[in-house]
Amino acid sequence: CTAGNEIGTVSSETITVYVQYAPINVRITAPTAPRAGKNITLRCGSQANPVANSYSWRKLCGSQSTDLWGYGAEYRLRATVEIGTCDYFCSARNSLGEKDSPAQRIDVQYAPINVRITAPTAPRAGEYITLRCRSKANPVANSYSWRKLCGSQSTDLWGYGAEYRLRATVEIGTCDYFCSARNSLGEKDSPAQRIDVQYAPI
């Protein structure tokens, strides 16, 4: 501050006031798009005075909440498909209080899994039907291929995406169909799918 009169002015020395407060701006930092199988570290950051000296962690998977004990400002874990469906929280604490972070979800990347063909139930011979190739992947599958196995003869079916349209016949009811889903991390085949074509006596 400065004080003055008709003779002159003088300024005080600078005084710094150190305000004490409980943690604020608590947040989790996580690696961007880790691949499944990789070990990763989540870090709990905050702003506090005095600095936070105690931390706790929690995960919420669906409706199930689990406390994660024995960790400090860092929580190390293995990236899996399952943890990519969970929300993580940390809490930072000092002598004046504590605060929780918002939820942090980990964007785990993985090649297609659970690849399967969905087909109509018991179509009649002569009907047009659509087989669909389903999968779980991150990033989502963006390329598909199809194959049919009739007896010992395997045939690649070119030019199709996630859907394969065909006419139900007696003959196709004797074949197994397969699809493959692919993203930038890999590909996986479906199990065999047989179509239960219904037809009158022949």
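This briefing looks at the nonpolar cores and the aromatic rings of the structure above. Keep in mind that the model is predicted. In soluble globular proteins, nonpolar side chains tend to be buried together. Here, the largest nonpolar core has 20 residues, and a second, separate core has 18.

**The nonpolar cores**

- In the largest core, the residues that touch the most other members are Leu 42, Trp 57, Leu 77, Ile 83, Tyr 88 and Ile 106.
- Strands β3, β4, β7 and β8 each give two or more residues to this core, and β8 provides the largest share, with four residues.
- Members of the second core include Leu 166, Ala 168, Tyr 177 and Ala 181.

**Rings that pair up**

- You can look for six aromatic pairs in the structure.
- Trp 57 and Tyr 75 make a tilted pair, because their ring planes meet at 35°, with the centres 5.7 Å apart.
- Trp 57 belongs to strand β5 and Tyr 75 to strand β7, so their pair ties together parts that are 18 residues apart in sequence.
- Tyr 160 and Tyr 164 form an edge-to-face pair, at 85° between the planes and 4.5 Å from centre to centre.
- Tyr 160 counts as partly exposed at 34% relative accessibility, whereas Tyr 164, at 8%, counts as buried.

**Charges over rings**

- The charged end of Arg 58 sits over the ring of Phe 89, 4.2 Å from its centre.
- Arg 147 has its charged end over the ring of Phe 178, 4.2 Å from the ring's centre.

Key
Residues are numbered from 1 along each chain as its sequence is written. This is a predicted model: local features need pLDDT of at least 70, side-chain atom pairs count only at pLDDT 80 or more; totals for chains, interfaces and linings use all residues. Side-chain values use heavy atoms; hydrogens and water are left out. A nonpolar core is a set of buried Ala, Val, Leu, Ile, Met, Phe, Trp, Tyr and Cys residues joined through side-chain atoms within 4.5 Å. Buried means under 20% relative accessible area, exposed over 50%, partly exposed in between (1.4 Å probe, protein chains only). Rings of Phe, Tyr and Trp (its six-membered ring) pair if their centres lie within 6.5 Å; planes under 30 degrees apart count as stacked, over 60 as edge-to-face and the rest as tilted. A charge sits over a ring if NZ of Lys or CZ of Arg is within 6 Å of the ring centre and within 35 degrees of the ring normal.
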